[in-house]
Amino acid sequence: MAEVFAAVAEERDAIATEPPVDVEARAASWNLDGTFVAVAGGDVVGSIHVQPNRHRFGDVGMAIVREWRSRGVGSALMEAAIAWARGHGLHKLCLGVFPHNAAGIALYRKYGFVDEGLRVKQIRRQSGELWDVLEMGLLL
Ligand SMILES: CC(C)(COP(=O)(O)OP(=O)(O)OC[C@H]1O[C@@H](n2cnc3c(N)ncnc32)[C@H](O)[C@@H]1OP(=O)(O)O)[C@@H](O)C(=O)NCCC(=O)NCCS
């Protein structure tokens with residue numbers, strides 16, 4: 001999962017983290033509760049994580065290696081995450097997505113997430129650019 005995360009970070013496009021990613025540290029700190037992986041040929045090709053908080057909503061993060069995108073993996077992971085969140089009594093899932101991430105936004109809308117606001121110039125990229133973040137939420 002940490003290697004997938006590092007590879008997606010290298011793309012500098014879809015997730016806030018940019019290289020370098022300390023893969024060992026990332027792997028050691030990963031909270032496996034609320035995490036689901038997609039596996040192909042014995043390799044992890046994607047994962048999703050739901051991080052519940054004390055207010056009983058969950059923050060969602062996910063990433064899939066480039067070769068496995070737009071083939072239904074994200075949908076399968078999201079279905080697992082929603083079922084897990086419902087089963088753990090959460091009332092809502094939340095996430096932030098860059099407005100140019102068409103695949104991400106399409107996936108989230110497919111599962112009923114709605115736009116909740118735009119955080120303007122929220123993330124400073126290593127390039128110096130300031131990127132907006134679209135906040136989306138799903139009531140369970
Ligand atoms: C965003 C991401 C998780 C989506 O997962 P995925 O496996 O590509 O999604 P799916 O194949 O399940 O597609 C989900 C829906 O999005 C649509 N979609 C997929 N790729 C798309 C694209 N490139 N552009 C527009 N819509 C797209 C599909 O049509 C599908 O809807 P449908 O089932 O009604 O046809 C994946 O592309 C990814 O990991 N991207 C890089 C990292 C990232 O963006 N992480 C999330 C940050 S918020």
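Modeller: From the N terminus on, the order of elements is α-α-β-β-β-α-β-α-β-β, which gives 4 helices and 6 strands. The model is predicted, and every value below is computed from it.

The residue I would pick is threonine 35, which belongs to strand E1, residues 35-40. Is threonine 35 buried or exposed? Its relative accessibility is 15%, and because the cut-off for buried is under 20%, threonine 35 counts as buried. For the protein as a whole, 40% of the 140 residues count as buried.

The side chain of threonine 35 makes a polar contact with the backbone: the backbone oxygen of asparagine 31 lies 2.8 Å from it. Leaving aside residues up to four places away in sequence, threonine 35 touches Met1, Trp30, Ile48 and His49. Of these partners, Ile48 and His49 fall within the range of strand E2, residues 43-52. Over the protein, 54% of the contacts with a separation of 6 or more are between residues 24 or more positions apart.

The peptide bond from proline 19 to proline 20 is cis, with omega near 0 degrees. Proline 20 sits in the loop that joins helix H1 (2-11) to helix H2 (23-29).

Arginine 56 is not a glycine, yet its phi is positive, at about 75 degrees. Arginine 56 is found in the loop between strand E2 (43-52) and strand E3 (57-64). With a relative accessible area of 37%, arginine 56 is partly exposed.

Lysine 121 also has a positive phi, near 50 degrees, and is a residue other than glycine. Lysine 121 is placed within strand E5, residues 114-124, whereas arginine 56 is in a loop. At 53% relative accessibility, lysine 121 counts as exposed.

As for the overall form, the C-alpha trace spans about 40 × 40 × 30 Å along its principal axes. The radius of gyration is 15 Å; a compact globule of 140 residues would have one near 14 Å, so the two agree.

Conventions
Residues are numbered from 1 along each chain as its sequence is written. This is a predicted model: local features need pLDDT of at least 70, side-chain atom pairs count only at pLDDT 80 or more; totals for chains, interfaces and linings use all residues. Side-chain values use heavy atoms; hydrogens and water are left out. Helices (H or I, at least four residues) and strands (E, at least two) are DSSP runs, numbered from the N terminus. The radius of gyration is taken over C-alpha atoms; the globule rule is 2.2 Å times the number of residues to the power 0.38. Buried means under 20% relative accessible area, exposed over 50%, partly exposed in between (1.4 Å probe, protein chains only). Contact means heavy atoms within 4.5 Å. A polar contact is a pair of N or O atoms within 3.5 Å; within protein, one must be able to donate a hydrogen and the other to accept it, and residues adjacent in sequence count only if both atoms are side-chain atoms.
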